Structure formats: C-alpha cells, structure tokens
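Please open the model in your viewer and keep the sequence panel beside it. The stops below say what to select next and what is to be found there.

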Amino acid sequence: MKLLDLFSEDARPAIQPEAAAIEISGLAVDSRAVKPGDLFFALAGAKTDGVRFVEAAVAAGAVAVAGNHPPVGGCRVPFVRIANPRRELAQASARFFPRQPATIAAVTGTSGKTSVAAFTRQIWQRLGFQAASIGTIGLVSPKRTVYGSLTTPDPVALHRQLDEITRDGVTHLAFEASSHGLDQLRLDGVRVNAGGFTNLSRDHMDYHPDVAHYLAAKLRLFGDLVVDGGAAVISADHDCSPEVIEAARQRKLVTMTVGRNGDGAGEGIRVAASAIDGFAQRIELEHRGRRTSIHLPLVGEFQIENAVVAAGLAIGTGSDPAQVFAALETLEGAKGRLERVGEFNGAPIFVDYAHKPDALTKALQALRPYTQRKLVVVFGAGGDRDAGKRPLMGAIAAENADEVIITDDNPRSENPAAIRAAIIAAAKGATEIGDRTEAIGKAIAGLAKGDVLLIAGKGHETGQIIGDRVLPFSDHDAVASALAEAVA
Ligand SMILES: CC(=O)N[C@H]1[C@@H](OP(=O)(O)OP(=O)(O)OC[C@H]2O[C@@H](n3ccc(=O)[nH]c3=O)[C@H](O)[C@@H]2O)O[C@H](CO)[C@@H](O)[C@@H]1O[C@H](C)C(=O)N[C@@H](C)C(=O)N[C@H](CCC(=O)O)C(=O)O
Ligand SMILES: Nc1ncnc2c1ncn2[C@@H]1O[C@H](COP(=O)(O)OP(=O)(O)OP(=O)(O)O)[C@@H](O)[C@H]1O
Ligand SMILES: N[C@H](CCC[C@H](N)C(=O)O)C(=O)O
Ligand SMILES: [Mg+2]
C-alpha cells in the first residue's frame, strides 16, 4: 500500500511527494518488531518515547517513520510529522487491514468485560452466526484460538486479527475495550455498532490520575467510538450509570438500560427477580413489557449483570429477543471466572479472576450462600500494578471470608514479600504462604464438608510472572495436583 493512502486528510498535506509514493509492506509501533518495508510509528509512551528508537527501526528496515516530532539528529528515511500519532496509527491500521466483521460489539467497565464478550459470542453462535471474541483471554473464533496478552491489543495487532477472522467468515465480533485501550486510542479505527457498559469501581489508579479520568476513558466508547445510530447497552444499577446513559443519549445512540433498574417496559431489559438454583440461577427478565423466566447455568449474582449486558448487545445489533433469551440458558462461564474446578471432602473449589477490590467482594459474596461452615480464600496481588488496592483487598478478605491465605500473584519486578505484607497489614489473622502451589495445597488439605474455597486473582492465566520471567503456572493445574496428592 502507498504511504499516502495510509494517512487521514488532515495529515496528507504534510507528506512530501517523494514520500507519498513509498510502498509500505507493514506497520510497527515497536522498533524490535520492525520488518523491512515497514512504516514505524514513533509514539510517546508512559515509560519512554518511541522517537528514541527511530534509528533502530530504520536499521531494521523501516522505510518511513511517523510521529509528532523527528529525532534530534534527523531521520535517514522520510518522516511524516503528525499532530496525533495514536489516532493516525489506529486509522492507518484500519486502512492497511481493511476487513472487519459486519457486526461488532465492544464492552467496557471495570469488571465483567471478558465474561460479556464471551457470552455475546456464545449467544450469536447459538443463533447460527459465525462469531468471535477478543479480549483478556485472547481471540476465540470458530477457526482459531490465540492466547492474548493485552485486553485490548495495539491497533496493528487488533486490525490484523479483524482482517484474518473476517476472511475466515466471521460476521459477528464482541471485544473488550479496556480503559488503557480507549485512552490510547487503540480502537479508533474499529467500526463499533454497539457499546456495552457493566460497572465502575477502583482499578488502574497507577495509570489514571483519578476516577474522573478513568471514567472519561471509558465514556469514549459512547462519545467517540460507537457509530452514529448505533446501540448503547448500559447496566443501570450503579452510581455511575446516569452519567454513562447521558453520554450515550447525547450521541443519540439507541440506548438500552439493563439490570434491576433496566427499562423492561421499553427497549431495555429489567431483571425482575432472581434466585439461586444449585450451581445455577433462576431469573425473571422483562423486555418490551413481556416477562421471560430463564435458568442461567452460572454461579454468582454478578453474572446476571454480565448476561443481560450480553443479551442487550445481541438484541441491539439485530437479533431476535426471544431467541437471545433462550440462548442464555446454555451460557458457559469464561475460563477462570467463578469456575468450579473440583471438590475435596465435599467442599467445592472455585477459581476466579478477582484481582481488584470490587471483584473480590463480589466473588466472596457470591460464594457465601454455598458455605455452611468456612469460606476460605487464597489470593495475592500483582506487582507493578496499583499498590493502593492491596490493603483494600486485605480488608475485604478479612471481612468476607472466614479463613484468609495470602500468597503470590504475579510479583513482576517487585519484592513478593513486600506485596504480601501490604495486604496482610489490613487482613488481621491471615496466614502467609508465598509459594502459590503450596498455598493452594494447604488450603485444599484443610477443607471439610460445608466449606468453600475461592482461589482468586489469576483465573485463566497459564504463567506466573516473576522478575521478567514467565514460569508455567495455572491455578487449575495446582488444584489438580493438590487433589491428586490429597487422595493418594
Ligand atoms: C501502560 C500501557 O498501557 N502501556 C502500553 C503502551 O505502551 P507505551 O506507549 O506507554 O510504551 P513505552 O514503553 O513508554 O514506549 C513508548 C514507545 O516506544 C516503543 N519502543 C520501546 C522500546 C523499544 O526498544 N523500542 C520501541 O519502539 C514502544 O513500542 C512504544 O510504542 O502501548 C504499548 C503498545 O500498544 C503496549 O504494549 C503497552 O502495554 C504494556 C505492555 C502493558 O502492560 N499494558 C497494560 C497495563 C494494559 O494495557 N492493560 C490494559 C488493561 C487490562 C485490564 O483489562 O485490566 C489492556 O488493555 O490489556
Ligand atoms: N459484573 C460484574 N460485577 C462485579 N464483579 C464482576 C462482574 N463480572 C465479573 N466480576 C468479577 O471480576 C472478575 C473478572 O471478570 P471478567 O474477566 O469478566 O472481567 P474483566 O472486566 O474482563 O476483567 P479484566 O479487566 O481483569 O480483564 C471475575 O472473576 C469476578 O470476580
Ligand atoms: N489486565 C490486568 C490483569 C491483572 C491480573 C493479575 N493476575 C495481576 O497480575 O495483577 C493487568 O495487567 O493489570
Ligand atoms: Mg478482561
């Protein structure tokens, strides 16, 4: 593709004629990933500035560079000076990889994104569509499953995947819009037909200066990204809900409110009643004034919110409500989201991805009804992430569980003992066992009938990040080997 064709009208006047005709064979944001023929985008980031790596990118074969200022020593290949490199990058990625599924739904919110994306995909699949999802657990589509590392991939990786799955025949995509992704304009080239919003609580305070900034990033989904005339599906059950609904209405999006306070008489979905039914729930939904009773095969009250946001996204993009509600009866939880992975002495063991305060509260509250004796929790906190959440999570565990074991999550570059100490300072009476396998083993060995064990924080993850090494590790495997040992 010619360089000129990758840029917006705003940027084109700055492009020299000899640069305009350069043939570009790929895009890169990281000098270490540059291939010969690539256009390198030099982005100012949180840790460093891509402009420092222009020379390395050119040495690796970049034939042109774009950014908001050239390197001090000049640039050996044409440099395209642009005011907003991240926006141009997103749009250039969409031009370079032009295919996108015809129907795209994106979901944001502090908790529930992965679950909503997985549920929306499953609903569409049930209705006979070729459907995919992209997010924390990677890409899941009929022809390929790729483990992911970021919740919202960078624009080049994202659009490459959109192009590939569309070529595979995928017509419906649900993906997660993280606040980082929204703030860094990673999604600004995607044609989003419907946006979903779950909830807002404390998260990523190491990145966002305050909660207002965090919410503003999330609101970009409705303010800037959903196409004109598209749908907004918003959980109406939270303090922040009115602000989100207002953002959608300002854009004149077709706004569907869902949840206990959802507009069941109109276009939204109201949860009129719910009750636990073994490891499932019975829920009564109202939509356009009509009631439907559903058996939702998932544990955890919070999954009702995720299910109705997903149902709203399917309805908001044109699916038949009765078929969508029927599909809810066959939903499977996303891997490691309040997943029952086994039992010992009759006590069920759950793996969950709660790694932030509100999620830990919700997961523990969800398991209390199953507990006749002790509710036991094993968890830690990730290193190089918001340190402020550590004591909050310690206090939540002490308050909502009967036995607390503090262990390691992904320590990354931090001292694991210091992370544990910050949690334990607020979790009176907690036991400390740094090694996660050992912590899980001890917790399981101590279980008796009537107990419930929650292992929180790592969910689907298959590695433990210690320093800059990723060691193979999974809570699922740790449970399996502890169970095998306990029985032997
Ligand atoms: C804080 C953050 O979001 N960082 C992301 C961001 O990096 P950045 O622009 O700040 O990068 P930087 O390290 O300052 O470097 C600046 C530029 O120099 C480039 N560079 C750097 C070094 C080099 O040798 N050569 C080179 O070209 C970098 O590629 C970058 O373009 O843009 C990069 C490219 O898109 C991302 O890879 C990187 O994700 C890092 C790895 C990360 O850990 N991100 C996490 C926090 C994240 O994004 N999480 C969210 C939310 C998760 C959730 O749902 O809870 C997610 O969507 O996954
Ligand atoms: N609607 C919800 N409300 C509150 N807590 C929830 C909700 N949905 C999920 N959770 C909790 O959050 C955890 C993560 O859920 P999920 O992966 O679906 O969310 P996410 O928004 O994708 O999270 P992340 O940002 O970490 O990728 C779950 O394991 C559960 O503990
Ligand atoms: N997307 C989140 C995942 C956190 C998972 C948890 N296990 C941890 O390592 O803190 C992050 O990168 O902050
Ligand atoms: Mg996620």
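## A tour by selection

Start by selecting glutamine 281, which is placed in strand β14 (residues 281-287); helices here are DSSP runs of H or I with at least four residues, strands are runs of E with at least two, and both are numbered from the N terminus. This is a predicted model, in which local features need pLDDT of at least 70 and side-chain atom pairs count only at pLDDT 80 or more, while totals for chains, interfaces and linings use all residues. Residues are numbered from 1 along each chain as its sequence is written, chains are lettered from A and ligands numbered from 1 in the order in which they are written, and side-chain values use heavy atoms, with hydrogens and water left out.

Is glutamine 281 buried or exposed? Glutamine 281 counts as buried because its relative accessibility is 4%, where buried means under 20% relative accessible area, exposed over 50% and partly exposed in between, with a 1.4 Å probe and protein chains only. Now show its polar contacts (pairs of N or O atoms within 3.5 Å; within protein, one must be able to donate a hydrogen and the other to accept it, and residues adjacent in sequence count only if both atoms are side-chain atoms). The side chain of glutamine 281 reaches the backbone oxygen of glycine 300 at 2.9 Å and that of leucine 298 at 3.0 Å. If neighbours within four places in sequence are left aside, the residues in contact with glutamine 281 include Ile276, His295, Val299 and Ile304, contact being heavy atoms within 4.5 Å.

Next, select ligand 2 and the 22 residues around it, among which Thr114, Ser115, Arg337, Asp352 and His355 come nearest; a residue is near a molecule if one of its heavy atoms lies within 4 Å of it. An N or O atom in the side chain of lysine 113 is 2.8 Å from an oxygen atom of ligand 2, and an N or O atom in the side chain of glutamate 305 is 2.9 Å from a nitrogen atom of this ligand. Tyrosine 353 places a backbone N or O atom 3.0 Å from an oxygen atom of ligand 2. Of the 630 Å² that ligand 2 exposes when taken alone, the protein buries 97%, with accessible areas from the Shrake-Rupley method and a 1.4 Å probe. Colour α4 (113-126), α9 (302-316) and α11 (357-367), the elements that give two or more residues to the shell around ligand 2.

Move on to ligand 1, which is surrounded by 23 residues, with Ser31, Ala46, Lys47, Thr151 and Ser178 the closest. A backbone N or O atom of alanine 46 lies 2.6 Å from an oxygen atom of ligand 1, and a polar backbone atom of valine 29 is 3.0 Å from an oxygen atom of the ligand. Aspartate 30 has a polar side-chain atom 3.4 Å from a nitrogen atom of ligand 1. On its own ligand 1 has 1,100 Å² of accessible area, of which the protein covers 77%.

Finally, select lysine 218 in helix α7 (residues 211-225), which counts as buried because its relative accessibility is 1%. An unreviewed UniProt entry lists Lys218 for "modified residue: N6-carboxylysine"; such annotations may be inferred rather than shown by experiment, and the positions are given in the numbering used here, with feature names shortened. Not counting residues up to four places away in sequence, lysine 218 touches residues including Thr108, Ala177, Ser179 and Phe197.
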